[in-house]
Amino acid sequence: MNVDNYSLIQAVRGPIMLIALGTLVAMDYFGVRGFGQTWPILIILFGVLKLLEKAVAKPATFPPPVPPGGNAI
Amino acid sequence: MKRGSVIGPLILIGIGALFLLRNLWPEIPLVDIIAKNWPFVLIAWGGLRLIEILMWAILSKPIPRNGISGGEWMLVFLICIVGGTMYTARHYAAWFPNRPWHEVMIGMGDNYDYTLNAVEKPCAKNCRVLIENFRGNAKITGSKEATTVNVSGHETVRSFQQNEADSTNKQTPLELIPQGDQMIVRTNQDRVSDRTRVTAELEITVPIGASIEGHGRMGDFDIESVNGAVDINSDNAGVRLENIGGDVHVDLRKSDIVRAIGVKGSVDLKGRGQDVELQNIDGQVTVAGTYTGQIQLSNLAKPLRWEDTQISVSCEKLPGQIHMGLGEFTANNLTGPVRLNGRSRDVQISDFTQAMDLTLDRGNIELRPGKTVPKIEVHTRSGDVELALPEGARFDLKASTDRGEARNDFGAPLRVDETGRGATIVGGSGGPELRLETGRGTVTVRKASADELIVPTPERPTPERPPDAPKAPIRQ
C-alpha cells in the first residue's frame, strides 16, 4: 500500500461526512433524536477528521535556518 | 481513461427503477417511502464511496483528492432540500399542530363509502346507551317493541388512497359492548391515523325506556321517543329531540341548532350555538351559554332561566312564547314575576299579569300588560318606552325621560310635567306602581285598544320539520 495516509483520510472525509449526515436525518425521521439537537455532531466529526489529517501528515521539511550574521564574504 | 465512480450509474438505475415501480404498481405509496427514507440514499452513497476509496487505496491506485467533489455536494444539498420538503409535506400534522391546516390537507383527499356491519345486542328495558366519542350523525329512536340495541349505518372515509381507506374501514368496526346496565356504542374512530378521517352515519334503535348519553366531535344527534334521560356532549353538533321522557342535558361547544319538542323532564342547555327551539317542556328550563341565532321558546310549564352574555331572562312559566333574534326580544303571555336584563335590544312584551322588572342598556321598549296591570319597573339608558294600558285599570304611574319628550295618549288621570330637557308623565288612580325611566328617548303612555286586549292565543309555531338530510359535513 503505497498511498500515504494523509491523502487517504482527506479522500474519505467526504463520504464519512455524507454518511453521518444521512444517519442524523434518518434518526430524526425515525424519532430517535431530532436533527435540531444532533447537528453539532457534524462539526465535531469534521474537526476530528481534520485533526487526523494533521496527525498523519508528513512532518514538514523546513529549509535549514540561516545562521545569524551569515558568512560574510 | 478517467476513472469513474459507480455512484453516478447507480443513481441513474435507482431513478429508473422508481419510475418503473410507479408505473407497474401504482398502489405502492412510493412518495411516502421516499419521503421517509431518502436519508438512506445519502448513507448508501457515502458508504459506497468509502468502500471505493478504500479499494483504490488497497489496490494502490491513485485516490482522488476529495472523496466527494464540490459538484457532488451540490447534488447532496439538492437531495436534502427535496427530501426534506417531501417529508414535511407528508408529515404536515407534526409541523402544523393547529387543526385548520390539518382540515385543509384532509380535505384534499377523496371520500370512500362503506356500509357498516349492523350489530344488535339484548339489553334491559331501562338500559343506558352510551355513544362514545365519534364524528358523524346519530339518529336514535326508541321503540316499544325493542328489547335490544340495534346499530347500523355507513361510514365515509376521507383519505388520499383507496387502500388506506380500506384498512381504515377495517380498523373501525361498529361494536356494542355491554357493561353492567350500560350499552356502549363504539365506532373505534380513534384508531385511525391522522391522515384519514372517518365519519359515521348511525341509525340506532333502543328500547323506549332507555336513556341516552352521546359524546360527539362533530355531527348531529336526532333522538326521538325515549323515556329516559338524554345527555349530549359535543364539540359541534346539531341536536334535535322529540318526545323525551327524562331530563335533557346538552353541552355543546358549537352548534347550529338545538331543538327540543315535548320533554317531560327538565332541559339544561350549556355552551355556544346559534338557534334554539324549545317547545312543550314540562320541566324547568335552564340555559347558560351564548346562543346567537333565532331563539324560540314556547309552552314551558316550569320556570325558565336564561342567562347569556347579552341577555338574561327569567319567568315562572311561559304559556305563550318568547322569540329572540339579533337585537330583538318579543314575548307574549308570560306568567310569574318576569325579570329581563339585557344589553342592547328592542323589547316587546305583551300579555303579562305579574311583576315585570326590565333593565336595558339601550333599546326601545314596548309593554302591553294584560287585563290587570301588575307592578312594572323599566329602566333603559337610551331608547323609547311605550306602555299600553287597558282602560279603567288601576295603577300609580311615573314615566320619565331625562332627555326627550313625553306623550300622554291615555288622557286623564295622567298629566305631563316638562322638566328641563326631559319630561315626566305622572298620575293614576292608586294601584300597582309603574316606574318607567329612559335616559334619552320618548316616553309614551296610551290606551290599549280593545282587540289588543283579547288574550291572543299563543300562535304555536309549527316547527319546521327537521331536515331529513343531516347538516353535519359528512361530505365536504
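**Contacts, helices and burial**

Colleague: Leaving aside neighbours within four places in sequence, with which residues is Gln274(B) in contact?

Modeller: Two residues are in contact if their C-beta atoms, placed from the backbone, lie within 7 Å. Beyond the neighbours within four places in sequence, Gln274(B) is in contact with Ser255(B), Asp256(B), Ile257(B), Tyr291(B), Thr292(B) and Gly293(B). This is a predicted model, in which local features need pLDDT of at least 70 and side-chain atom pairs count only at pLDDT 80 or more, while totals for chains, interfaces and linings use all residues. Residues are numbered from 1 along each chain as its sequence is written, and chains are lettered from A and ligands numbered from 1 in the order in which they are written.

Colleague: Where does Gln274(B) lie?

Modeller: Helices (H or I, at least four residues) and strands (E, at least two) are DSSP runs, numbered from the N terminus. Gln274(B) sits in the loop that separates strand E13 (267-273) from strand E14 (275-281) of chain B. Its C-alpha is 8.0 Å from that of Lys254(B), a residue 20 places away in sequence.

Colleague: Why does Gln274(B) count as partly exposed?

Modeller: A residue is buried if 20 or more other C-beta atoms, placed from the backbone, lie within 10 Å of its own, exposed if 12 or fewer, and partly exposed in between. Gln274(B) counts as partly exposed because it has 16 C-beta neighbours inside 10 Å. In chain B, 35% of the 476 residues count as buried; in chain A, 22% of the 73 residues do.

Colleague: How many helices and strands are in each chain?

Modeller: Chain B has 7 helices and 32 strands. Chain A has 3 helices and 0 strands, in the order α-α-α along the sequence.

Colleague: At what angle do H1(A) and H3(A) pack?

Modeller: Two packed helices are described by the angle between their axes and the distance between the axes. Axes are lines fitted to C-alpha atoms, for helices over the stretch in contact, with angles from 0 to 180 degrees between N-to-C directions. Helix H1 (residues 5-29) and helix H3 (residues 40-56) of chain A pack at about 170 degrees, with axes 10 Å apart. H1(A) and H3(A) are therefore roughly antiparallel (over 145 degrees; under 35 is roughly parallel, 65 to 115 roughly perpendicular and the rest oblique).

Colleague: Which residues meet there?

Modeller: Ile9(A), Ile16(A) and Leu24(A) are among those of H1(A), and Leu45(A), Phe46(A) and Leu49(A) among those of H3(A).
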